Amino acid sequence: MTQDSSHRVVVIVDENSNPFELGCATEVFGLRRPELGRELYDFALCSPEPRTLMRDGFFTLTGVAGLEAADTADTLIVPNRPDAEVPRRPAVLAAIRRAHARGARLVGFCSGAFTLAEAGVLDGRRATAHWQWVDSFRARFPAVRLEEDVLFVDDGDILTAAGSAAALDLGLHVVRRDHGAEVAAAVSRRLVFAVHRDGGQRQFVEHPLPTAPDTTLGPLLEWARGRLGTPLTVTGLAVRAAVSPATLHRRFRAQLGTTPLAWLTAERIVLACRLMERGELGTEAVARASGLGTAANLRAQLRRRTGLTPSAYRERFASGS
């Protein structure tokens with residue numbers, strides 16, 4: 001296994017931090033990747049105190065580096081916690097300002113947006129926060145351009161996620177930005193988590209949980225992934241699953257929070273991104289091979305999801321670029 005990346009990701013853990021978001025950061029950035037044959041990041045935790053009491057006293061974190069480790073970060077993930085109205089430690093805010101001043105990338109999960117805003121690095125910038133705290137955030141930080149109903153916001157060197165589970169969405173987005181769609185897809189498969197979720201945060205917050213476990217869609221999804229370049233239809237998927245199209249829609253909504261057509265389109269975009277990264281096919285051929293049909297449709301779908309044209313995507317992510 002090779003260590004081909006010197007990009008250092010450091011997570012600041014402070015008093016009353018949420019264990020879930022810490023786990024998300026560790027899962028995405030800190031685990032070894034034998035399936036890829038290389039490590040993606042140099043990962044570390046740090047804390048302003050030798051002993052850090054986590055949220056609601058669930059456990060105490062010890063044995064991590066001191067806050068000085070934040071000064072070595074290329075990407076710094078800032079503390080988040082449920083008591084968003086309580087001021088952060090001055091030492092933590094100073095470490096964030098130093099990181100920002102030297103050009104490090106800053107990431108805030110959930111209430112981490114409050115930490116970034118309190119440090120003063122979000123003024124005039126785009127960000128998001130949990131939907132429950134939108135009014136409070138706007139009242140405290142009117143200079144921040146807060147965006148609602150999104151899972152995360154990528155504003156270049158500062159990225160924020162709307163809620164706890166959205167930390168995984170943002171983490172996979174960062175991996176995709178750094179290493180491309182194929183590596184992000186491999187990480188998402190290991191997490192058993194969709195590399196891309198359609199819709200805004202309220203769609204997921206308000207979506208009711210099924211009253212009983214439904215038949216798994218796993219076999220159908222794997223079957224469809226192997227045939228994305230063919231003319232798959234919702235009716236065809238329903239026939240394959242031996243259910244009606246209406247039942248298939250209900251299962252997709254219950255288990256994935258999306259529709260069969262939206263899932264197909266998202267998977268085809270992921271495949272198209274992988275093909276463009278390899279650089280072996282032109283835009284028309286990528287559109288056909290991924291099932292998107294035409295170069296015009298590929299351009300429209302790619303721009304909607306990534307903000308990039310095919311040529312810009314190749315320039316940024318293709319092998320050798």
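Residues are numbered from 1 along each chain as its sequence is written, and side-chain values use heavy atoms, with hydrogens and water left out.

Helices (H or I, at least four residues) and strands (E, at least two) are DSSP runs, numbered from the N terminus. Confidence is highest in E6, at 97, and lowest in helix H7 (residues 201-205), at a mean of 39. Over residues 199-214 pLDDT stays under 50. Where pLDDT is low, the predicted coordinates should not be read in detail.

Seven strands form an open sheet with mixed pairing, in the order E5-E2-E1-E6-E7-E11-E10; two strands pair if DSSP finds at least two bridges between them. At the edges are strand E5 (65-66) and strand E10 (152-154), each pairing on one side only. E10 pairs with strand E11 (residues 158-161) in the antiparallel sense, over three bridges. Asp154 is opposite Leu159 in E11.

Helix H8 (residues 218-225) and helix H9 (residues 234-241) have axes, lines fitted to C-alpha atoms over the stretch in contact (heavy atoms within 4.5 Å), that come within 10 Å and cross at roughly 130°, with angles running from 0 to 180 degrees between N-to-C directions. Leu220, Trp223 and Ala224 in H8 meet Leu237, Arg240 and Ala241 in H9.

Definitions and conventions. Predicted model: local features only at pLDDT ≥ 70, side-chain atom pairs only at ≥ 80, totals over all residues. pLDDT = per-residue confidence, 0-100.
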